[in-house]
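Subject: Handing over a structure

Dear colleague,

I am passing this structure on to you, and I would be glad if you could look through it before reading my notes.

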Amino acid sequence: MFTLAEVASLSDIQPTYRILKPWWDVFMDYLAVVMLMVAIFAGTMQLTKDQVVCLPVLQSTVNSKTQPDTSGKADFTTVETTTGQEDTSMRTVSFGSAPTVTPDILLSRATSSQYQPTESGQELKKEQKDSSGRKTNLDFQQYIFINQMCYHLALPWYSKYFPYLVLIHTLILIVSSNFWFKYPKTCSKIEHFVSILGKCFESPWTTKALSETACEDSEENKQRLTGAQSLPKYVSTSSDEGSPSATTPMITKSGFKFSADKPMIEIPSVTILDKKDGEQAKALFEKVRKFRAHVEDSDLIYKLYVGQTVIKTVKFIFILCYTANFVNTISFEHICNPKVEHLIGYTQFECTHNMAYMLKKLLISYISLICVYGFICLYTLFWLFRIPLKEYSFEKVREESSFSDIPDVKNDFAFLLHMVDQYDQLYSKRFGVFLSEVSENKLRGISLNHEWTYEKLRQHVSRNAQDKQELHLFMLSGVPDAVFDLTDLDVLKLELIPEAKITAKVSQMTNLQELHLYHCPAKVEQTAFSFLRDHLRCLHVKFTDVAEIPAWVYLLKTLRELYLIGNLNSENNKMIGLESLRELRHLKILHVKSNLTKIPPNITDVAPHLTKLVIHNDGTKLVVLNSLKKMTNVAELELQNCELERIPHAIFSLSNLQELDLKSNSIRTIEEIISFQHLKRLTCLKLWHNKIVSIPSSITHIKNLESLYLSNNKLENLPAAVFSLQKLRCLDVSYNSIAVIPVEIGLLQNLQHFHITGNKVDVLPKQLFKCVKLRTLSLGQNCITSIPDKVSQLLQLTYLELKGNCLDRLPATLGQCQLLRKSGLIVEDHLFDALPSEVKEVLNQDTSIPFANGI
């Protein structure tokens with residue numbers, strides 16, 4: 001026999017699951033335990049005391065005519081009878097007043113009494129006077145036999161199996177109540193939810209965040225804060241009534257352990273989460289995010305709970321319907337016809353069931369419990385379908401706290417939170433802290449400040465190419481407060497920091513003039529904006545969508561340089577907000593790297609003071625360029641990778657243009673170059689990385705040209721017109737198909753840089769060495785077989801590239817190039833080693849020797 005504790009363990013669940021057990025489930029569990037006790041009590045009583053006692057119903061005729069003499073004074077009687085079909089010798093032995101008599105003996109006695117009435121009449125009369133009651137002529141063994149037969153034949157089946165049915169029904173109800181805690185696909189989710197919920201409830205960060213909320217919402221605390229301005233912003237100074245905090249007493253819930261402190265009236269001391277608590281809180285935020293994504297995609301838990309509730313309701317109706325019919329069948333008296341007349345001699349018996357009264361009372365009690373259980377099931381169904389349990393809103397929490405971004409949840413996540421609310425709504429309020437991005441950002445800020453101290457940031461400060469102090473922060477959760485203590489910082493780069501915030505402390509950084517925001521839509525406080533508006537000179541903004549550009553960018557009145565790098569196709573041009581560039585009154589340089597099909601017309605808003613415009617396309621063809629005509633003050637113009645096939649005519653109206661860069665386009669012909677004669681100030685023309693096959697003679701009209709870049713084209717020769725540009729100081733024709741360097745190159749007396757690497761030149765003309773101002777001479781990857789000794793005339797030469805030719809030796813006169821050093825001589829090692837030792841010594845001299853003027 002199993003014990004009550006063993007049966008009750010079937011309905012036991014983990015203590016932590018109690019937060020998901022509303023009052024009706026708890027009440028039904030107690031009802032199930034009571035029903036179990038009823039079943040066990042009834043079963044125990046039935047096993048120990050249940051029995052049927054039966055007595056034969058005697059026929060009146062037989063009782064009146066035949067009274068066998070079995071109770072006389074004789075203690076021992078032996079009777080022999082013979083039947084018609086078989087001879088049976090039977091011996092009947094009687095002890096006391098309970099003899100055992102067979103039907104044959106009764107018949108022989110009745111017959112003998114008819115033939116000898118006078119001999120025994122006096123004895124019968126005497127015996128009848130001495131004995132009382134009815135004699136049945138049945139012994140003890142026969143009574144046991146009849147009792148057992150009548151227990152199974154006459155007793156209703158419900159009286160015999162009632163305890164077991166109650167036990168089975170109760171077990172089914174218990175399983176139905178707790179199946180959603182055991183089913184694998186729901187059990188795992190519930191375990192994770194309960195675990196996360198408990199950790200969120202106990203987390204010090206939850207208490208800290210809600211305490212800060214209480215401080216922000218309490219007018220009294222606002223007044224106190226005016227006297228405690230030295231406290232950090234993230235430190236709580238008091239807690240609102242009803243808001244759980246470190247100073248709010250909390251009752252210990254089953255399944256969790258909470259601390260309980262006495263409420264304090266004074267302002268709490270400054271407390272900062274230690275590193276361990278901060279790391280645990282960050283891990284909780286990540287767990288909550290992943291759990292939400294995992295649970296919100298289905299409603300299996302909700303459907304399973306509804307299903308098991310429906311099953312319990314159907315079970316209640318079934319039990320009630322068939323059980324009520326059997327209440328009246330349980331009675332104390334029963335008539336039994338065992339049909340064993342040939343063994344006993346009697347056909348009918350009257351039986352009594354000694355457990356009938358007790359079973360009837362237990363059955364009525366069981367029906368009462370089932371009725372209560374059923375009403376609770378109906379209420380549960382009403383609750384399940386009365387409100388949308390697959391949606392959960394934190395509206396009340398948002399109203400009571402400053403966490404206005406707590407998202408509403410749905411499906412199984414919402415259902416679990418509704419179930420928790422039936423236990424204690426405080427859980428949902430504290431859990432909402434971990435759904436809020438604001439709360440997460442606050443935690444990240446605290447953790448970030450712990451990790452990125454002033455000393456650590458100072459170690460990451462470096463010097464850039466412009467010899468400025470630069471700090472590059474990459475993929476952090478925010479901007480550490482200690483950054484703003486680096487008062488001597490010149491350049492600040494923030495990359496992939498989605499929650500970057502520039503606080504008022506930036507006003508300490510008096511040297512800050514350049515700011516980089518790469519995929520970092522930084523927010524700026526009002527005081528910080530006022531500082532940046534007056535001090536910032538250069539701003540780089542890299543973005544994926546134009547909406548990521550902070551609105552305050554267009555209000556920086558003292559900004560000199562603006563770099564916009566991101567997707568700005570023609571459909572989104574109006575979204576850039578270029579009309580707001582009118583506020584950038586001191587903007588000089590505008591750099592746009594995007595995929596434009598036309599130059600945004602709103603750029604002309606800054607045309608009066610814009611001196612440099614750079615447009616780098618990603619290969620998208622730039623078609624409309626009419627807006628360029630209005631930029632009369634632009635001195636530098638770059639249109640790179642714009643798929644231009646010809647030089648745009650709009651450029652010819654830029655009278656102040658000094659430098660034009662058309663790199664990486666598809667220009668094949670430059671016949672329009674004759675129009676450049678109107679650009680009197682043009683000094684630098686870059687047509688590199690195109691498909692130009694020839695240089696027109698009209699290039700001579702660009703009298704003031706000083707730099708000409710034609711590398712990476714398809715040129716086969718250099719026309720004499722190029723060498724009529726007397727002011728030319730830099731000529732780059734690298735990586736073409738030029739085979740001959742014209743002798744007219746000697747006319748370029750001001751030439752300082754000549755690049756012809758990657759061509760087919762085999763002979764160097766002597767006139768080349770008349771360009772005595774040459775500092776850079778790139779002759780690599782050609783077919784040159786020898787270097788003339790006249791190279792010694794290039795006294796200002798600092799860079800000579802000869803690698804990749806067919807040279808056998810180097811001239812010893814290289815040693816006369818006073819400014820040339822080994823680091824500036826690009827040549828194969830064996831050629832350098834073949835030089836005379838004195839020449840090598842000259843080339844190996846210390847590079848710290850002063851260079852020529854102008855270098």
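This is a predicted model: local features need pLDDT of at least 70, side-chain atom pairs count only at pLDDT 80 or more; totals for chains, interfaces and linings use all residues.

Residues are numbered from 1 along each chain as its sequence is written, and side-chain values use heavy atoms, with hydrogens and water left out.

An unreviewed UniProt entry places the feature "transmembrane region" at residues 27–47, 161–181 and 363–385; such positions follow the numbering used here, feature names are shortened, and annotations may be inferred rather than shown by experiment. In the model, residues 27–47 are 100% helix and 0% strand, with end C-alpha atoms 30 Å apart, and residues 161–181 are likewise 100% helix and 0% strand, with their end C-alpha atoms 31 Å apart. Helices (H or I, at least four residues) and strands (E, at least two) are DSSP runs, numbered from the N terminus.

Next come the helix pairs. Two packed helices are described by the angle between their axes and the distance between the axes; the axes are lines fitted to C-alpha atoms, for helices over the stretch in contact, and angles run from 0 to 180 degrees between N-to-C directions.

Helix α7 (residues 157–182) packs against α8 at an angle of about 70°, with the axes 6 Å apart, and α7 is therefore roughly perpendicular to α8 (65 to 115 degrees counts as roughly perpendicular, under 35 as roughly parallel, over 145 as roughly antiparallel and the rest as oblique). Trp-180, Phe-181 and Lys-182 in α7 meet Pro-184, Thr-186, Cys-187 and Ile-190 in α8, where meeting means heavy atoms within 4.5 Å.

Helix α8 (residues 184–202) in turn packs with α12 at about 115°, the axes being 10 Å apart. On the α8 side Lys-185, Thr-186, Lys-189 and Ile-190 take part, and on the α12 side Leu-300, Ile-301 and Leu-304.

Helix α12 (residues 300–323) also packs with helix α14 (residues 356–386), at an angle of about 150° and with the axes 9 Å apart, so α12 and α14 are roughly antiparallel to each other. Their contact holds 18 nonpolar, 5 polar and 1 charged residues (Ala, Val, Leu, Ile, Met, Phe, Trp, Tyr, Cys and Pro count as nonpolar, Asp, Glu, Lys and Arg as charged, and the others, Gly among them, as polar).

There is also an open sheet of 3 strands, in the order β1-β3-β2, with antiparallel pairing; two strands pair if DSSP finds at least two bridges between them. β1 (52–56) and β2 (333–336) stand at the edges, each with a single partner strand, so one side of each has no neighbour in the sheet. The twist from one strand to the next averages 25°. Strand β3 (residues 349–353) is joined to β2 by 4 bridges, the two running antiparallel, and Cys-351 in β3 is the bridge partner of His-334.

Glu-350 is found in strand β3. Leaving aside residues up to four places away in sequence, Glu-350 touches Val-53, Cys-54, Leu-55, Val-57, His-334 and Ile-335. The C-alpha atoms of Glu-350 and Val-52 are separated by 10.0 Å, although these residues are 298 residues apart along the chain.
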